[in-house]
Every structure is written in structure tokens, then in C-alpha cells.
Amino acid sequence: MKRKERDRNEDDEKDTPPSILDSLPLDLKLATLSKLPAKSLTKTWSSIIRSREFIDYYYAMSSTKPRFIVALTNGVDSKPEEKLTFFYSFSLGGEEESSSLVPKFEMAIPTRLRGQAYFASLHGFLSVETDCGMIVCNPSTEQLVTMPKSAAFVGYDPIGGQYKALTVYRPQGDPPSHKVLTLGGTQGWRHIEGNPEPYTQIVYAGVCINGVLYYGALTKHKYNPVMSIFIDYNGKLASIARDPFYELRSFDLWILEDVGKNDWSKQTCVLPQSMLAPPGAEVVEYSFPGATKAGEIIILPNKLSKKVEPFYIFYYNVKTQKERRVRLLGIGDNKEFRRSYGLYKKIDCYVRMVPQHVESIAFLKNPMI
């Protein structure tokens, strides 16, 4: 076959899929494209998938098979350009009985997580606090957006379908001032009317539930040494409270049952012996990224062990007070992996996780103001 003829035939083949797809009814078109991988869609069908109808349809289909995302920083500390955070996804299909899960690499960003970083899944996007400030990214499209330096948290408003950043100014001697920025909007930072009880410092990472952003702060006259972590517990705000000065052996689970009445329920959860470090062993620092739909509390090691060993996450059943562990295969459990990803022994490699992440092919338009 001559080169010109071959090139013409190849061009015809490239043009064929869109022309056939255009002739299909809208519902069949949406159903057909939604079965393709997100990265394939964004590269091959970019002119078709930008419609709001398809974006919403794809998200609705993806919500039936959510995943959880694990973020892992490397141990490079010498050159800023070599500092990286890697994102891996894990399927949730049948995870209740799985003893091990295989990761899928999604993307990497050119910065490292902070020690107790804010890390959230927001309607298909990830919001993560890094050494370079707040970053929003979409693992499916690999879009990466750096937020303004002043942004403290990013949330999602389901009513307006908008992503919004919050900043808090604390002038000396004055109550804190709050501003909000709608990503892709045209108004810039806007003042939020009304002030809560004056506080001096944000101390607990926030969680966004149904368009409401919750976070913990200290007031001038109240101090509580108990560390509190906010999570989404089946659509309700929950707080996990524990003494930060001792090894994790138990915690109190507070659930906001009625927002209007400020009605909280409380249950003390005692960890089983299998989760406790034996005498003389390295004490593991844990974080609580959230809960499963079955109501299990997820417990995650805050750092990658400096030893080459299997990496486990734990699921704690509040009702039975029993735990199960799931091994995340390939997360630091072999020397080749550690060498390739720069996971060195001397530098802490932080680990964060978000449960129930739903894949999206949406893009943020004009995100910076």
C-alpha cells in the first residue's frame, strides 16, 4: 500500500468513531462513552465529553463504583524539583472480605504532603495541603491547580455545583475574618457575613459534608488537650477524640445526630490487642481518614515504615469493636519500589487517604483569580 493511501485510510479510521457516535441518540451516546477509561476519553473524545450532560452522566455512573485514594510522599529532601507525591487508587469492589488490594497508579504532583495535611475528595477532585500550599487535582484528567497561598480549605457546593476556597485572616486583637473564592468565578474573594465565636488558631483539618465545611479551632478562653479529628460518618459529621500524648489504645467517637439541636452521641472504642505495638516495638502513628458505608472506622498509618515490610490499613467495627486489616500491595513492601520512588530511610514519607472517591472527567475553568 502506498504511503499516501495508507495515511488517508488511517485518517479515515480516526474520523470514523466520532461520526458514528454523532448519529446515535443522546442516551446511547452517553452510555457508550461512559464505559471507556477516563484518561482515554480526555485524550480521544475531548470535543464530545465537555458537555455538562455527559460530565454529570459519567459522574453518576462512577458513583456506583467508588474507590479510595492513597497519597504517598517520597523521601527526597535535597532538591525541591525532586520532591513528589504519588496518588494510587484501589477498587472498593468486595473490599469487606478482601485481605489485600492491588494499587493503580494515577498521577504524581511536584511537591510533598505536609505532616497532618488536609486531604479531601470533592466531587471528583482531590484537595491536598502540601509544602507549596493547597493544591486541587483530578487524577482522571491529571489536571493540577495551585490555589492562592491564603487558601486554608477547599470545599464543594452541591447546590451550585461549584468548588470554593476558604481563607481566614486573624488580625491581631480582632475577630477572624473569613473570605470565600469560587473557583472559575469572576468576583474574586468575597467576605462572609457574620462571625463565629472568636478563635485564635485552626488546629484540626476540616471535612466538607453536603456543602458545609467543618474544622476545629482554639478559642482564647478554652483549651482542650484532646486531639480531635473530623470525618464524614455516613453523611454525618463525626469527631474522633483521643489523647495525643499517649499511644493510641482507645478513642471516643462523637457523632452529630442533629445539627439544629447540636445533639451528639458518644461511644468509646477500644482497639483490639492485635493493633497495639508489642513492648519495645516502634510505636505507629495513626490517622483516621473516614469511614466505610458499613460504618467501619478506617485507621491508617501516618507514615511509611522505615523498614521494608507490608503496608496495612485497618477497619474498625464500632458495633463489634473488632478490626480487620487489608494489605495494600506494592506500597513500600519491596526494596525496588522504595528505590524507584525515592522512599529513603532518613526522611519521613507521609501517607494520606481519602475513602469513597468518585471518578470525574470535569475540568476547572479559569480557576485562578
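Let's start with Ser89, which counts as buried at 4% relative accessibility. Bear in mind that this is a predicted model. Ser89 belongs to strand β2, which covers residues 85–91. The side chain of Ser89 makes a polar contact of 2.7 Å with the side chain of Glu106. Glu106 is also on the list of residues that Ser89 touches beyond four places in sequence, along with Arg67, Phe68, Ile69, Val102, Pro103 and Lys104.

| Residue | Relative accessible area |
|---|---|
| Ser89 | 4% |
| Cys137 | 0% |
| Cys349 | 3% |

As for disulfides, the structure holds 0.

In soluble globular proteins, nonpolar side chains tend to be buried together. The largest nonpolar core here has 29 residues, and Leu122, Met147, Val154, Tyr163, Ile361 and Leu364 have the most contacts inside it. Two or more residues each come from α4 (52–62), β5 (119–122), β7 (133–138), β9 (153–157) and β10 (162–169). Strand β10 gives the largest share, 4 residues.

Val154 is a handy place to look around. Beyond four places in sequence, Val154 is in contact with Tyr118, Leu122, Ser127, Met134, Val136, Met147, Lys164 and Ala165.

Note on methods. Residues numbered from 1 in each chain as written. Predicted model: local features only at pLDDT ≥ 70, side-chain atom pairs only at ≥ 80, totals over all residues. Heavy atoms only, no water. Core = buried A, V, L, I, M, F, W, Y, C linked by side-chain atoms within 4.5 Å. Buried < 20%, exposed > 50% of the residue type's maximum accessible area, 1.4 Å probe, protein only. Contact = heavy atoms within 4.5 Å. Polar contact = N/O pair within 3.5 Å; in protein donor to acceptor, adjacent residues only side chain to side chain. Disulfide = S-S within 2.5 Å.
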